[in-house]
Amino acid sequence: MHLKRVELYGFKSFAERTTIEFRPGIVAVVGPNGSGKSNLVDAVRWVLGEQSAQRLRGGKMDDVIFSGSEGRRPVNVAEVSLVLDNAGGELAVDYAEVAVTRRLFRTGESEYLLNGTPVRLKDIEALLVDVGLGREAAFIIGQGEIDAVLSQRPEERRALFETVAGIAKYKARRKEAERKLEETAHNLARVEDVYEALA
Ligand code: ATP
């Protein structure tokens, strides 16, 4: 599986509909200062569900919407799609190509789409966690983050390695199973109470 292309419209400096193709292998994005290299990385983080405007180098979430430039009016919606190659079937859906889209309107409405169908962020996260992609995944190492990793406490660094190694998803599933077990035990205790009251 690899990222085939990123399609952007109205996201930060990408005012026009822009498609950036990625071939398998090493890809280098080069350009002058301020030309939008980091904005492209922000776009990838954003589609994967980033909820922190600060981590996208903004003050509030609608700062990601193109705010106008000399000779170009602002737009009212930002939309980014990541198109993933799924010919190998790594993602658990019956599509050879999977497009994950996030849209945000200036009015505050926002939506996520999977191959054009509206879905919840939770569904996208569940789909991508198996291939090590997701909001918390460490597949993007931003500027200055290497220093941050080096100065992490051992348990924080361990959590990072667990995510990269794919263990984190099992931990999350165990936590969810434990929560359900607890809920079931609680329900069972209530049923027993009712049963005793009726006996
Ligand atoms: P460097 O090499 O200096 O790190 P870069 O290529 O990574 O630069 P970016 O940080 O991606 O550059 O792009 C910064 C540009 O994006 C700035 O010119 C900024 O004005 C523009 N920009 C950011 N957000 C918006 C927005 N919402 N609307 C319009 N332009 C924006």
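1. The buried residues of helix H1 (37-47) pack against strands E1, E2, E3 and E4 (97-105), where packing rests on contacts, that is, C-beta atoms, placed from the backbone, lying within 7 Å. These buried residues are Leu 40, Asp 42, Ala 43, Trp 46 and Val 47; seen down the axis of H1, they fall within an arc of 160 degrees, so they line one face of the helix. The arc is that of the directions from the helix axis to the C-beta atoms, and a residue is called buried if 20 or more other C-beta atoms lie within 10 Å of its own, exposed if 12 or fewer, and partly exposed in between.

2. This is a predicted model, in which local features need pLDDT of at least 70 and side-chain atom pairs count only at pLDDT 80 or more, while totals for chains, interfaces and linings use all residues. Residues are numbered from 1 along each chain as its sequence is written.

3. Strand E1 (residues 3-9) pairs with strand E3 (residues 77-85) in the antiparallel sense over six bridges, and Arg 5 has Val 83 as its bridge partner in E3. E1 and E2 also pair in the antiparallel sense, over four bridges, with Thr 18 of E2 as the bridge partner of Leu 8. Pairing requires that DSSP finds at least two bridges between two strands.

4. An unreviewed UniProt entry lists Pro 32, Asn 33, Gly 34, Ser 35, Gly 36, Lys 37, Ser 38 and Asn 39 under "binding site"; UniProt positions are given in the numbering used here, feature names are shortened, and annotations may be inferred rather than shown by experiment. Pro 32 sits in the loop between strand E2 (18-21) and H1 and is exposed, with 7 other C-beta atoms within 10 Å. Ser 38, by contrast, is in helix H1 and counts as partly exposed, with 16 C-beta neighbours inside 10 Å. Just after H1, Gly 49 takes a positive phi of about 105 degrees.

5. The protein chain has five helices and six strands, taken as DSSP runs (H or I, at least four residues; E, at least two) numbered from the N terminus, and along the sequence they follow the pattern β-β-α-β-β-β-β-α-α-α-α. The radius of gyration of the chain is 21 Å, well over the 16 Å that the globule rule gives for 199 residues, so the chain is more spread out than a compact globule; this radius is taken over C-alpha atoms, and the rule is 2.2 Å times the number of residues to the power 0.38. The C-alpha trace spans about 80 × 40 × 35 Å along its principal axes, and buried residues make up 18% of the 199 residues.

6. Glu 145 is in helix H3 (residues 145-150) and is exposed, with 11 other C-beta atoms within 10 Å. Glu 145 and Ala 189 lie 44 residues apart in sequence and 48 Å apart in space, C-alpha to C-alpha.

Terms used: Contact = placed C-beta atoms within 7 Å.
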